[in-house]
Amino acid sequence: LDPGEFRRQGHMVVDFLAKYYENIEKYPVLSQVEPGYLSKRLPSSAPQDEEPMEAILDDVHQHIFPGLTHWQSPNFFAYYQTNTSTAAILGEMLCAGFNVAGFNWVSSPAATELESLVMDWLGKMLDLPRPFLPFGNGGGVIEGNTSEAIICTLTAARDRVLRKLGHNSIAKLVVYGSDQTNCSFQKAARVVGIDPRNFRALKTTRSTLFGLSPDSLEKAIRLDINAGLIPLYLCATVGTTSCAAVDPLEPLCKVASKFSMWIHVDAAYAGASCICPEYRKFINGVEFADSFSFNAHKWLLTPLDCCCLWVKDPNALVNSLSTDPEYLKNEATESKQVIDYADWQLSLSRRFRALKLWLVLRSHGVQNLRSHIRNHCRLAKLFEELVEEDPQFEVVFPINFALVCFRIRPSGVAGMSNGHADNEHGEAWKLNEVNRLNAQLLHAINASGRVFMSHTTVGGVYVLRFAVGATLVTEKHVIMAWKVVQEHANSLLSMPAS
Ligand code: PLP
């Protein structure tokens, strides 16, 4: 690595990215390429000799750009954003530049200590209860993503029980979430060895706004206990992936605690909003949980990957995940005065992720981060108002954060009025027809390349998801997005029914 060349090429890449951000709105938000497009454009083997950065960046522009879906575009409203900022991108650069593998304290003390510090800052910003923070004997760690956070905590929960009951009891362990819990929970359960028959995705309904009902949890647990099974773990969600539903933490925790279960709160998306006092109420009850995580890489101006996990009992993680090979032995570890974060996660090596988060927290400050969240929630409200003003559309669920779920309402569909199908096929036909029409609408919107939204189906109803979260989004983009929706809806609805 030649520092002079690094400086020259580094400036070139920063300029390249700055230009990308200047022009980001010119690109179709959703990539329009066909599968396999890239192998037709790039050589099938690596070059034998070096190539200049200029040529490589040229290829990024020519060949990679068309295959990018522009997640940082202000016209990106799909899934949940993974937003970023100057501070965080530069933090990533520092992380890659130092490239330390901070698996234990001695391998790079600053990586460990900054991580503890930043997690402590964030824990205070979220007003997490004392037992999650170091002075209450808890602690925070940065995992790559929520899937890892769930795997690690579920492993800790599993081992805590199996140590008492013996390994053979693994077949009896049951885990609980709702039919809205993110699919990462199901994958985690598989990885951790939970019998797939003991994975409970409890049904939610519109009457609880798709939050998990404490009664149905208790009923399911009691049925399982009567069948000789052992309730192990509850994954409660604040801000579900489909429709940002909120599981009622406090009553759920009260139920799960009766059975000594491990309770994890997954606030992957919505957790960031809880740095604002007015949104903190959504995690009321977290004091009764064992662990809490959210993805700073979704809504806190920090790029992938950065999942912040707090646990009340770090030893539970360490007991399951630590190893003690000769080649890692050192005095600091033996003194028990330090944290070795490899023992809190799956992999051994770990990136210095705390740097980017530290840069974000310092460069913006708490007040600006709160404004960032509030601005997105305000823009989501604006979009909601625009939808509600148009009688052809409806907002399907009340919005909690910055996600609007909407659709063309049944009365907007030819042959139906007031939500009733005036033909012999009845209700099922009506729902299918409305769902099909809304899917067509989404396809047309996204094919335009002007904006990108995504969809979900909740309770059999297909909805378009408009998730505000891009760093660069403004009122102008929200209003434009709504115009795109209306234009495509008008042309669909004016077409003769097929
Ligand atoms: N949990 C929730 C509520 C989510 O919305 C998501 C992703 O959107 C996940 C978990 C998965 O997170 P990750 O991709 O970090 O594993």
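Which residues in helix 5 meet which residues in helix 10? I will start there, and please keep in mind that this is a predicted model.

On the helix 5 side, the residues are Cys 152, Thr 155, Ala 156, Asp 159 and Arg 160. They meet Ala 316, Leu 317, Asn 319, Ser 320 and Leu 321 in helix 10. By class, the residues of this contact divide into five nonpolar, three polar and two charged.

Now the geometry. Two packed helices are described by the angle between their axes and the distance between the axes. For helix 5 and helix 10, which spans residues 314–321, the angle is about 85° and the axes are 8 Å apart. An angle of 65 to 115 degrees counts as roughly perpendicular, and helix 5 and helix 10 are therefore roughly perpendicular to each other.

Staying with helix 10, its buried residues include Ala 316, Leu 317 and Ser 320. Around the axis they cover an arc of only 100°, so they sit on the same side of helix 10. The cover over the buried residues of helix 10 includes helix 5 and also strand 7, residues 307–311.

Next, helix 6, residues 183–192. Here Phe 185, Ala 188, Ala 189 and Val 192 are buried. Looking down the axis of helix 6, these buried residues fall within an arc of 100°, so they line one face of the helix. What lies over them? The cover includes helix 5 (146–165), together with strand 2 (173–178), strand 3 (199–202) and strand 4 (230–237). After helix 6 comes Gly 193, which has a positive phi, near 95°.

On to the ligand. There are 15 residues around the ligand, and those that come nearest are Asn 145, Thr 146, Ser 147, Asn 182 and Ala 268. The shell divides into four nonpolar residues, 10 polar and one charged.

Last, a single residue, Trp 71. Where is Trp 71 placed? It is in the loop between helix 2, residues 53–64, and helix 3, residues 86–98. Trp 71 has 18 other C-beta atoms within 10 Å, so it is partly exposed; the cut-off for buried is 20 or more. Leaving out residues up to four places away in sequence, Trp 71 touches Phe 76 and Thr 82. As for Ile 24, 47 residues separate it from Trp 71 in sequence, while C-alpha to C-alpha the two are 9.8 Å apart in space.

That is the tour; I will take questions.

Definitions and conventions. Residues are numbered from 1 along each chain as its sequence is written. This is a predicted model: local features need pLDDT of at least 70, side-chain atom pairs count only at pLDDT 80 or more; totals for chains, interfaces and linings use all residues. A residue is near a molecule or strand if its C-beta atom, placed from the backbone, lies within 6 Å of it. Ala, Val, Leu, Ile, Met, Phe, Trp, Tyr, Cys and Pro count as nonpolar, Asp, Glu, Lys and Arg as charged, and the others, Gly among them, as polar. A residue is buried if 20 or more other C-beta atoms lie within 10 Å of its own, exposed if 12 or fewer, and partly exposed in between; C-beta atoms are placed from the backbone. Helices (H or I, at least four residues) and strands (E, at least two) are DSSP runs, numbered from the N terminus. The arc is that of the directions from the helix axis to the C-beta atoms. Two residues are in contact if their C-beta atoms, placed from the backbone, lie within 7 Å. Axes are lines fitted to C-alpha atoms, for helices over the stretch in contact, and angles run from 0 to 180 degrees between N-to-C directions. Angles under 35 degrees count as roughly parallel, over 145 as roughly antiparallel, 65 to 115 as roughly perpendicular and the rest as oblique.
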